[in-house]
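Visitor: Could you take me through one part of this model up close? I would like to start with the sheet and go on from there.

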Amino acid sequence: MGVPLLHIENLGVTFDTHHGLIHASHSVNLTLHAGDILGIVGESGSGKSVSMMAVARLLPSYAQTSGSILYKNIPIHQLNHQAFKAYRGKKILYLFQDPLTALNPYLRVGKQLIETIRLHQKVDKSTAQAIAEKLLAKVHLTQSDRVMRLYPHQCSGGMRQRILLALALACQPEILIADEPTSALDAITAAQIMQLLDQLRKEEGLSIILISHDLPIVQAICSHISVFYQGTIIESNTKEAIIGQPQAPYTQALLHAMHQME
Ligand SMILES: Nc1ncnc2c1ncn2[C@@H]1O[C@H](COP(=O)(O)OP(=O)(O)OP(=O)(O)O)[C@@H](O)[C@H]1O
């Protein structure tokens, strides 16, 4: 199978707060291979976001991270702040839950896109403009002229999520960590965004870690699934094995609950 794109071993996150230590996650092991979509599921507060934010070093300074994080066998957890800048947002990009907070409310969509493209791809303004139009088409936003003139609050939830994906593509990452990208969307728009993620995986060569509460969505597009419970991954396997022969009692309960909702 070759060197994994991302290999996490024994990852743990502890918050040193005024009220004492909070052990948010521990003993997290995970492997992502190129071209895969790995779904991360588990109950609220089980440490999914915190663990993945640790990978992208997006946690506040009072968080302590332990364990090892290998990107193509490079121990990126050992890099200093300056050296890590070559990875965060460039190789590994974290897509936040809420596009409205991730987008700058004061800048038109076009300006945000063009600035991001210029920063990451080192091109002049007119080239960036042309790339922006292509990226908007890639995320299925038509009438790019009109979309580029809008402010984020003038866009629908689905549009904002597509704009965020266009911004992510502008950074040309290899790994996209998508944290509940459809939680604020209706079921049909959510399904469309998920199809788009899968299309971008195929066409842009992205590898994706998808954090989601929505097991049917994870089931539809992920090749592998990891199940979080009480701060750690209790079960990881191919989608077929997790759905067909869940081993951990929590995974069985999760699948049972899902079938009852059908
Ligand atoms: N900045 C923080 N300071 C202190 N504790 C935090 C912080 N962020 C998260 N935690 C704690 O870490 C634990 C794990 O949170 P996390 O957000 O990773 O859960 P999650 O599985 O992603 O949940 P959800 O599905 O609801 O997003 C929780 O107990 C949470 O309260």
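**The open sheet and beyond**

Guide: Happy to! In this predicted model, strand β1 (residues 6–17) is joined to β2 by nine bridges, and the two run antiparallel. One of the residue pairs to look for is Val-13, whose bridge partner in β2 is Ser-25. Now widen the view: β1 and β2 belong to an open sheet of four strands, ordered β2-β1-β4-β5, with antiparallel pairing. The edges are taken by β2 (20–32) and β5 (74–75); each has a single partner strand, so one side of each is left without a neighbour in the sheet. As background, strands of a sheet pair through backbone hydrogen bonds, either parallel or antiparallel.

Next, find helix α1 (residues 48–55), which lies across β1, β2 and β4 (63–71). Its direction is at about 110 degrees to β1.

From here, turn to strand β3 (residues 37–42), where you will find Gly-39. Gly-39 counts as buried because 25 other C-beta atoms lie within 10 Å, and the cut-off for buried is 20 or more. Leaving aside residues up to four places away in sequence, Gly-39 touches Leu-210, Ser-212, Val-218, Cys-222 and Ile-225. Take Leu-210 from that list: 171 residues separate Leu-210 from Gly-39 in sequence, yet their C-alpha atoms are 4.7 Å apart in space.

Conventions
Residues are numbered from 1 along each chain as its sequence is written. This is a predicted model: local features need pLDDT of at least 70, side-chain atom pairs count only at pLDDT 80 or more; totals for chains, interfaces and linings use all residues. A residue is buried if 20 or more other C-beta atoms lie within 10 Å of its own, exposed if 12 or fewer, and partly exposed in between; C-beta atoms are placed from the backbone. Two residues are in contact if their C-beta atoms, placed from the backbone, lie within 7 Å. Two strands pair if DSSP finds at least two bridges between them. Axes are lines fitted to C-alpha atoms, for helices over the stretch in contact, and angles run from 0 to 180 degrees between N-to-C directions.
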